[in-house]
Amino acid sequence: MSTPRRTPPAADRRTLIADTAIDLVAAAGLRGLTHRAVDGAAGLPAGSTSYYFRTRTALIGACYQRLAELDLGDLGDVGDPAGLGDLGGAPASEGPSASPTVDRDAAAAALAGLLHRWLTVGRARQLARFELSLEAARNPELEADFHRAGQGARVRAAGILAALGAQRPEEAAELLVAWTDGLLYDRLAGALARSRPAPDLAELASVTRRMLDAVLAHAA
């Protein structure tokens with residue numbers, strides 16, 4: 001006699017649905033994102049996804065929120081000696097008047113490690129994020145959800161840059177996030193993405209150090 005499969009709690013089902021939707025977008029683009037496809041890929045009874053997320057817009061909004069949670073989790077898991085993962089909770093306004101409390105080389109190494117993760121084991125998630133960001137540009141109903149999801153990374157970046165001595169950490173964070181997104185897009189989906197060699201951690205550390213220097217000089 002088979003054991004009935006336990007239905008996960010509602011919160012877990014929402015997370016499962018969002019994770020599955022992100023995987024589908026990464027694999028097949030937005031054309032592959034349907035409520036029925038999510039049910040099937042997640043192993044849920046038919047109608048489960050539409051029960052929690054009635055519309056496709058609501059489902060995409062859940063993807064934005066989940067992507068933000070996962071990216072911020074990665075920021076906290078970097079494991080750098082400077083403790084950069086803990087800086088995101090500090091208000092950016094505390095930084096400008098304070099002396100730098102983080103070594104730039106350590107910060108560059110931590111950021112390089114994060115980028116390396118997103119270019120390798122986290123590749124699919126980042127591809128889905130780019131795909132979903134374009135949908136927000138086309139659909140005004142999604143703009144607020146997308147904006148809200150992106151704020152966490154900017155707050156975390158501002159905290160890190162404040163600890164590095166940036167006098168205008170919010171402005172510096174905008175530059176750093178824009179640069180990071182540009183690098184990820186170029187390596188994952190740019191014209192030369194398929195012909196580039198595998199991401200190299202030492203190379204990324206050198207690049208991130210130069211970028212931090214430029215961002216901090218701009219925000220001095």
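Visitor: Which residues have the most contacts inside the largest nonpolar core?
Guide: They are Leu-115, Leu-161, Leu-164, Leu-176, Trp-179, Leu-183 and Leu-212, in a core of 33 residues. A nonpolar core is a set of buried Ala, Val, Leu, Ile, Met, Phe, Trp, Tyr and Cys residues joined through side-chain atoms within 4.5 Å. Buried means under 20% relative accessible area, exposed over 50%, and partly exposed in between, with a 1.4 Å probe and protein chains only. This is a predicted model, in which local features need pLDDT of at least 70 and side-chain atom pairs count only at pLDDT 80 or more, while totals for chains, interfaces and linings use all residues. Residues are numbered from 1 along each chain as its sequence is written, and side-chain values use heavy atoms, leaving out hydrogens and water.

Visitor: What does Leu-176 touch?
Guide: Not counting residues up to four places away in sequence, Leu-176 touches Leu-111, Ala-157, Leu-161, Met-211, Leu-212 and Val-215. Contact here means heavy atoms within 4.5 Å.

Visitor: At what angle do H5 and H8 pack?
Guide: Helix H5 (residues 104–119) and helix H8 (residues 169–189) pack at about 35°, and their axes are 11 Å apart. Axes are lines fitted to C-alpha atoms, for helices over the stretch in contact, and angles run from 0 to 180 degrees between N-to-C directions.

Visitor: Which residues meet there, in H5 and in H8?
Guide: From H5, Leu-111, Leu-115, Trp-118 and Leu-119 meet Leu-176, Trp-179, Thr-180, Leu-183, Leu-184, Arg-187 and Leu-188 of H8.

Visitor: Moving on to H2, which of its residues are buried?
Guide: In helix H2 (residues 35–42), His-35, Val-38, Asp-39 and Ala-42 are buried. Seen down the axis of H2, these residues fall within an arc of 100°, so they line one face of the helix. The arc is that of the directions from the helix axis to the C-beta atoms. Arg-36, Gly-40 and Ala-41, on the other side of H2, are exposed.

Visitor: And what follows H2?
Guide: Gly-43 follows H2, and its phi is positive, near 70°.

Visitor: What is the relative accessible area of Val-38, and what does Val-38 touch?
Guide: Val-38 has a relative accessible area of 0%, so it is buried. Leaving out residues up to four places away in sequence, Val-38 touches Ile-17, Thr-20, Ala-21, Leu-24, Leu-33, Thr-49 and Leu-59.

Visitor: Where is Arg-54 found? Is Arg-54 buried or exposed?
Guide: Arg-54 is in the loop between helix H3 (48–52) and helix H4 (56–76). Its relative accessible area is 64%, so Arg-54 is exposed.

Visitor: What about His-218, which residues is it in contact with?
Guide: His-218 lies in helix H9 and counts as partly exposed, because its relative accessibility is 42%. Leaving aside neighbours within four places in sequence, His-218 is in contact with Arg-168, Glu-171 and Leu-175.

Visitor: Lastly, how many helices and strands does the protein have?
Guide: The protein has nine helices and zero strands. Of its 220 residues, 43% count as buried.

Key
Helix = DSSP H or I, 4+ residues; strand = E, 2+ residues; numbered from the N terminus.
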